[in-house]
Amino acid sequence: MTTQGSPTSQGNNLDRWYGSYAQRTSGLAASEVRALFAVASRPEVVSLAGGMPFVSALPQDLVVGAMDRVMREQGAVALQYGSGQGVPALREQILDVMALEGISGSADDVVVTTGSQHALELFSKLFIDPGDVVLAEGPSYVTALVIFRSYQAEVDHVPMDEHGLIPEALREHIARLKSAGRKVKFLYTVPTFHNPAGVTLSWERRLEILEIARANDILVLEDNPYGLLYFGEKPPAAMRSVEREGVVYLGTFSKTLAPGFRVGWALAPHAIREKLILANEAAVLSPSSFTQLVVSEYLRDADWRAQIDTFRGVYRERKETMIGALNEYLPELTWTNPNGGFYVWLTLPSHLDSKAMLPRAVTELVAYTPGTAFYADGNGRQNIRLSFCYPTPERIRVGIRRLAAVINGELDLLDTFAGTGSLSAVRRDRSSASLPTDLQ
Ligand SMILES: Cc1ncc(COP(=O)(O)O)c(C=O)c1O
């Protein structure tokens, strides 16, 4: 026993209860993205780090009108607890949203969650036992990795190229894990406008990967926040449009409306849906009735498809500005050129380390997310995720110009001290970039 005020035997001066946390919290270190937010939010810093949607492109009157009508017409319902599955009318409307990506289903199989992040959490709670293996693209969405780690899963990254996850690599990873006697619980994938890589899984590969998953009895968790934010041609239909029983699909209003509502959803095979509802109730009793009803009213009253077109236009212009600035200021490097979504994945010359370079970049008033944030295994030092969603085109150009100055400064240093930073070395690097690019 310890007396009040004195540390436990495993405690320390900073945290008296250090020794009492559950083992699974060891994965709950602040992510690189989170640690960055504090610094990068200073106005003089151009942040190409966070993935915040540009909500100013949404007319506030539309939201105010929806809120007003909800409170006048259904105020008592909006202020009350709701069901653990979500508001029925909204679940019907979610079917219309998913139909745009080729998905048909029943509102009965939709579970509304507090953002799709919460659906990721609930799904992980249902499926991961300590020591299980989760397959995921390399790189992968940082906050999914945090959740998988918190449930003590081991993440096995499967490589991608410019067409997304590589089926042959997936086969090899599964075979290796099986022969080592490991239990693969599911494949987590962001097939469309990947966060952070910006690439999209081709239609042929979607079919092949579903076939591999089926043959190996592996559930697929398809996370699709960005699919409707395409800049040119529509991307291939969702994997869930092909396979009902083997796919749990996650969607969200965070990118096509606003993240502040915290309304997302899961579409799941019936039995899994049942468990998700129970887990949702255990976690939050019910998702917010108020925000669900406001989103539902917005979808009923506003031209939400036109609003998505507006977002597409905003993000297309920003993406083109970023690619133009990269071509102008960093023509020796390689990057992905996304057809939608929020992110460009930049590959540095192999001698540079994106994580080590970050403090210097912030000193030069530009912030980015180092590639290491998106790997559970320490990889990614040669990569940077650049977000074009939030800063204005003018700021994006300034940010890339500053980034180029930082990168060139590092290369000059290397050249001076080790003779490895010359542009010819950079050019040699291009042939060995870790994620081939379809651009320039
Ligand atoms: C791939 C991916 N999944 C899930 C989320 C979480 O979105 P939300 O919880 O806002 O729906 C994000 C947010 O950036 C994301 O990029």
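## Close-up views of a predicted model

**View 1. Strand β3 and its neighbour β4.** Six bridges connect β3 to strand β4 (residues 154–161), and the two run parallel. Strands here are DSSP runs of E with at least two residues, helices are runs of H or I with at least four, and both are numbered from the N terminus. Two strands pair if DSSP finds at least two bridges between them.

Residues are numbered from 1 along each chain as its sequence is written.

**View 2. The other partner, β6, and the cover over β3.** Strand β6 (residues 184–189) runs parallel to β3, joined by four bridges. Here L135 has L187 of β6 as its bridge partner. Strand β3 (residues 133–138) is mostly covered, with six of its six residues buried. Buried means 20 or more other C-beta atoms within 10 Å of the residue's own; exposed means 12 or fewer, partly exposed lies in between, and C-beta atoms are placed from the backbone.

**View 3. The shell around the ligand.** The ligand is surrounded by 13 residues; G115, S116, Q117, T252 and S254 are the closest. A residue counts as near if its C-beta atom, placed from the backbone, lies within 6 Å. Helix α4 (residues 115–127) gives the largest share of this shell, three residues.

**View 4. An open antiparallel sheet.** Four strands line up in the order β10-β11-β14-β13, with antiparallel pairing. At the edges are β10 (334–335) and β13 (369–370), each pairing on one side only. Two bridges hold β10 and strand β11 (residues 343–347) in the antiparallel sense. T334 is opposite T347 in β11.

**View 5. Back to the protein chain.** The secondary structure comes to 13 helices and 14 strands. Of the 440 residues, 45% count as buried. The C-alpha atoms fill a box of roughly 70 × 60 × 55 Å, taken along the principal axes.

Methods: This is a predicted model: local features need pLDDT of at least 70, side-chain atom pairs count only at pLDDT 80 or more; totals for chains, interfaces and linings use all residues.
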